[in-house]
Number of protein chains: 2
Amino acid sequence: MLAEIITIGDEILIGQIVDTNSAFLGKEFNKIGISIYQITSIQDNKTHILKALEEAENNADIIIITGGLGPTKDDVTKHTICEYFNDTLVENKSVLDNVEDIFSKYNIPLLDVNKQQALVPSKAKVLMNHYGTAPGMWLEKNGKVFVSLPGVPYEMKALISNEVIPALRKQFKFPYIKHKTILTYGLGESLLAKRIEAWEDNLPAFIKLAYLPSLGRVRLRLSAKAMEKKLIDTEIQKQVDLLLPLIDDVFVGFEEDKSLEAIIGTQLTEISKTLSIAESCTGGSIAKALTANAGASKYFKGSVVSYATESKMNILGVKEQDIESHSVVSKEIAEAMAKNVRTLFNTDFGISTTGNAGPSKGDADADVGTVWIAIATQDSVYSEVFNFGNHREKVITKATNKAFEMLQKEIKKK
Amino acid sequence: MLAEIITIGDEILIGQIVDTNSAFLGKEFNKIGISIYQITSIQDNKTHILKALEEAENNADIIIITGGLGPTKDDVTKHTICEYFNDTLVENKSVLDNVEDIFSKYNIPLLDVNKQQALVPSKAKVLMNHYGTAPGMWLEKNGKVFVSLPGVPYEMKALISNEVIPALRKQFKFPYIKHKTILTYGLGESLLAKRIEAWEDNLPAFIKLAYLPSLGRVRLRLSAKAMEKKLIDTEIQKQVDLLLPLIDDVFVGFEEDKSLEAIIGTQLTEISKTLSIAESCTGGSIAKALTANAGASKYFKGSVVSYATESKMNILGVKEQDIESHSVVSKEIAEAMAKNVRTLFNTDFGISTTGNAGPSKGDADADVGTVWIAIATQDSVYSEVFNFGNHREKVITKATNKAFEMLQKEIKKK
């Protein structure tokens, strides 16, 4: 089954925003066996929207349209969709109630233009948006499903998860689909490909392999799709068992669907352990990633972002003479930070980072990209040093990911 | 002048990566007066690529193709481009030298498959890639320019900035283009639109206005394009002068290419003032946003993410009886946190957040979405309370943005 995504609006084409919606849709649809045939981003221009709808109808079974539903006058999407379906706009009482509720809750005057959000094509099934005023709209034509959704990411995501996917599952029979993603580290894409060439050539036709390289890692994704669950599960496991001995030295683990920090959160909750962090070069990035998950307060007690050297001393109690003799970016300081933050917050685990994210050298003499990461537990502390390259954002992200990887290893020991 | 972007590769369609390249291209092309007509993301499938190239040739003057140039066997882009131009692949000596240099520098064995990176269509002008092995390729057909680039973001970006844009400027005469973006906050898109309706209706035809709303802020973007620089500069200034009195109470500033936190960083550096943060519900998000900018250590001393209530007492010295009598999410606690973190880090400004990001009620009884934000200076402390709705990610982002807005107002007073 094929889907096409049409994103509407100037913002993406002028580069004002990055289109994160399509990646979300691609991921969610793939999980249930729908492949994205094409993503098309266009302006909210009537002729262009009509052309895109027509082409999408020819290419795909499901057409998801995001964006173009704002209240200001530059949005023409809803009228154009109406025209495409040879339909007229009618006021929907439930949507109007929702719009009025939102405005009265936030005490904002309701304008006529806001009330227009309640106008929907008469043939549309309304999908209620609990986070905003623009509803989702489900329409059908020649056996194809068209869904128009607001472009605001969290509104769109909630509608997809709570409304669209359940409705699609009801309407269509999807094949069983399984992805298994194998994470490898330290070998480039082409060397890896050469090493597993014979194995790859012998894969059964219904299993596809993709190479997904990014920042020092290559993910190998096996995908299988068929109506029979048992066949797929058995065959994927068989192929993984054949593959693993070939990549033993570069194999890191299997990637599940959740972020590593969400998995760690679940694990910490299960074993009733707590965590605190002392972040220097990662500047709050580890804490932010953890607290993005609901329920983080169960295991995360807090963090000290000790950006200035003196705060490592004043708040974390790192000794001045240790900083002088070892420098701020060192094994000794990383380990002292992890130990002391664990004591300060009275937690089971303490993590710390100290390094230089660049672009220029900081308080320490360490090369740009050098990062020490330490983990302290009740009875031990250990650390590792990395060089994550010369791109600031990349250094921060890699250090954050690595800290979670190290923490997970430590949790697994418990 | 119109451009179309074709991104090739499975990764975007299955949601494995977010397409950040297109936003970069949109931004850079807009600056020189090229509008993006459409962005099309497709798999590396021959038929589909040929179809996309043909349609793009009909729609646009410049076609940028990114991705699909990796060494593994699932990439068919180069052969398909060759077929589209009725051309054959030939080995390019300079590219081969570059590939060999890169492999010997990192001491990786060079495989035949890597050498194939040096094969390019004979009609292509090669654009040398200094960060990777896949070269850029410039081709022309019926007066249209086609540029094929690697999909790795920093390789693509370097080729666009150093090769493609200079070459386009040489080949075409571009109109003068100017964008002016006005940042407002506190008034929704539709109320703002209503308030400036008369002004908007009187804009000259060559000036376009776009509303770019995001989480509590609305950016108003004026764009003008013409051959005459002086006319545009004068007219944009005139319109801005007419607009500002209408939005005096919600006007924040002009947005250059920078984020508000980057602007704040520059301002703090200029006035030599420093900042520390006590984050509860924002969980490190404010610190992370600040430290994403190089040079943050000049003005940012550090943050305490006091997620657990006891850490507000132990580390920030908030009094237990105050928490008991006012609750954790209150004016009193927010202000105590801001004052105390300022003292703890010995900074000019202290910011704090305490609230409930949801989805369920936490330590306090405050409604989901309630956030107190306080700012302390040497001689004052003040706070405001907000309700940012019922979506965790949105509450955190809105609270982070609002904290920066409050801080900027405070900085402006200095």
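In chain A, 65% of the contacts with a separation of 6 or more are between residues 24 or more positions apart, a contact being two residues whose C-beta atoms, placed from the backbone, lie within 7 Å. Please keep in mind that this is a predicted model, in which local features need pLDDT of at least 70 and side-chain atom pairs count only at pLDDT 80 or more, whereas totals for chains, interfaces and linings use all residues. Residues are numbered from 1 along each chain as its sequence is written, and chains are lettered from A, with ligands numbered from 1, in the order in which they are written.

Staying with chain A, there are 16 helices and 17 strands, both taken as DSSP runs numbered from the N terminus, helices being H or I with at least four residues and strands being E with at least two. The C-alpha atoms of chain A fill a box of roughly 75 × 60 × 40 Å along the principal axes. Of its 414 residues, 45% are buried, that is, with 20 or more other C-beta atoms within 10 Å of their own, where 12 or fewer would be exposed and anything in between partly exposed.

Let me turn to the sheet. It is an open sheet of 12 strands with mixed pairing, in the order β6(A)-β7(A)-β8(A)-β3(A)-β1(A)-β2(A)-β2(B)-β1(B)-β3(B)-β8(B)-β7(B)-β6(B), where two strands pair if DSSP finds at least two bridges between them. Its edge strands, each pairing on one side only, are β6 (125–127) of chain A and β6 (125–127) of chain B, and the twist from one strand to the next averages 20°.

Next, the helix packing. Helix α2(A), residues 21–31, packs against helix α7(A), residues 153–171, at about 20° with the axes 10 Å apart, the axes being lines fitted to C-alpha atoms over the stretch in contact and the angles running from 0 to 180 degrees between N-to-C directions. The two helices are therefore roughly parallel, since angles under 35 degrees count as such, over 145 as roughly antiparallel, 65 to 115 as roughly perpendicular and the rest as oblique. Their crossing is right-handed, meaning that the near helix is turned clockwise from the far one by less than a right angle, with anticlockwise giving left-handed. By class, this contact has six nonpolar, one polar and two charged residues, where Ala, Val, Leu, Ile, Met, Phe, Trp, Tyr, Cys and Pro count as nonpolar, Asp, Glu, Lys and Arg as charged, and the others, Gly among them, as polar.

Helices α11(A), residues 260–271, and α16(A), residues 392–413, come within 10 Å and cross at roughly 25°, in a left-handed crossing. Among the residues making that contact are Leu260(A) and Ile264(A) of α11(A), and Phe404(A) and Ile411(A) of α16(A).

Finally, the two chains together. Their contact takes 70 residues from chain A and 68 from chain B, and α2(A) supplies the largest share of the chain A side, seven residues. That side divides into 35 nonpolar, 24 polar and 11 charged residues. Strand β14(A), residues 300–305, runs antiparallel to β14(B) and is joined to it by three bridges, with Val304(A) opposite Val304(B). In chain B, Gly295(B) is found in the loop between α12 (285–291) and β14 (300–305), and Gly295(B) is partly exposed because 14 other C-beta atoms lie within 10 Å.
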